[in-house]
Amino acid sequence: MTRYEPECIFCKIAAGHIPASLIYKNDHVAAFHDLNPVAPVHVLIIPLEHIASLSELKDGDSEIAAQILLAARVVAEKTGVLESGYRLVFNNGEDALQSVGHIHAHLIGGKTMGWPPFAGREVAHGEE
């Protein structure tokens, strides 16, 4: 790991300094259960290197970005939602409610979801 932010909780989890319920880990990413799940399956996928937000990705980070996306399939399979479907969400910045300054994807599944995904508005995709 070349980029590490000592005050970042996800960096501490990635380094093994804080325990987490790991579902998957490789040389690039780690995936673990969200402490405040919004669905029966709610897993966070984080890069092991610290990058604060999607807006801070650089050309040289393409492998890290790809590893997050590739890990989603593995995590979906391990959690039983690969066939039924899942949502992969990235929050970027304050308005999007990014709560930890370290890129992370929320893999959410295990229930039928509405669209658009705004709180208080359950609508099936394509319905008005």
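1. Is Ser53 buried or exposed in this structure? Ser53 is buried, because its relative accessible area is 10%, where buried means under 20%, exposed over 50%, and partly exposed in between, calculated with a 1.4 Å probe on protein chains only. The model is a predicted one, in which local features need pLDDT of at least 70 and side-chain atom pairs count only at pLDDT 80 or more, while totals for chains, interfaces and linings use all residues. Residues are numbered from 1 along each chain as its sequence is written, and side-chain values use heavy atoms, with hydrogens and water left out.

2. Ser53 sits in the loop that links strand 3 (41–47) to helix 2 (62–79); helices (H or I, at least four residues) and strands (E, at least two) are DSSP runs, numbered from the N terminus. Setting aside residues up to four places away in sequence, Ser53 touches Asn92, Gln98 and Ile103, a contact being heavy atoms within 4.5 Å.

3. Gln98, one of those partners of Ser53, belongs to the loop between strand 4 and strand 5 (105–109) and is buried, with a relative accessible area of 17%. The side chain of Gln98 reaches the backbone oxygen of Ala52 at 2.9 Å, and a polar atom of that side chain lies 3.0 Å from the backbone oxygen of Val100. Beyond four places in sequence, the residues that Gln98 touches include Ala52, Asn91, Gly93 and His104.

4. The five strands form an open sheet in the order 1-2-3-5-4, with antiparallel pairing, two strands being paired if DSSP finds at least two bridges between them. Strand 1 and strand 4 stand at the edges with a single partner strand each, so one side of each is left without a neighbour in the sheet. The twist from one strand to the next averages 20 degrees, with axes as lines fitted to C-alpha atoms, for helices over the stretch in contact, and angles running from 0 to 180 degrees between N-to-C directions.

5. Strand 2 (residues 29–33) pairs with strand 3 in the antiparallel sense over five bridges, and Val29 has Pro47 in strand 3 as its bridge partner. Helix 2 lies across strand 1, strand 2, strand 3, strand 4 and strand 5, and runs at about 155 degrees to strand 3.

6. Val89, in strand 4 (residues 86–90), is partly exposed, with a relative accessible area of 23%. The C-alpha atoms of Val89 and Ala105 are separated by 5.5 Å, although these residues are 16 residues apart along the chain.

Terms used. Polar contact = N/O pair within 3.5 Å; in protein donor to acceptor, adjacent residues only side chain to side chain.
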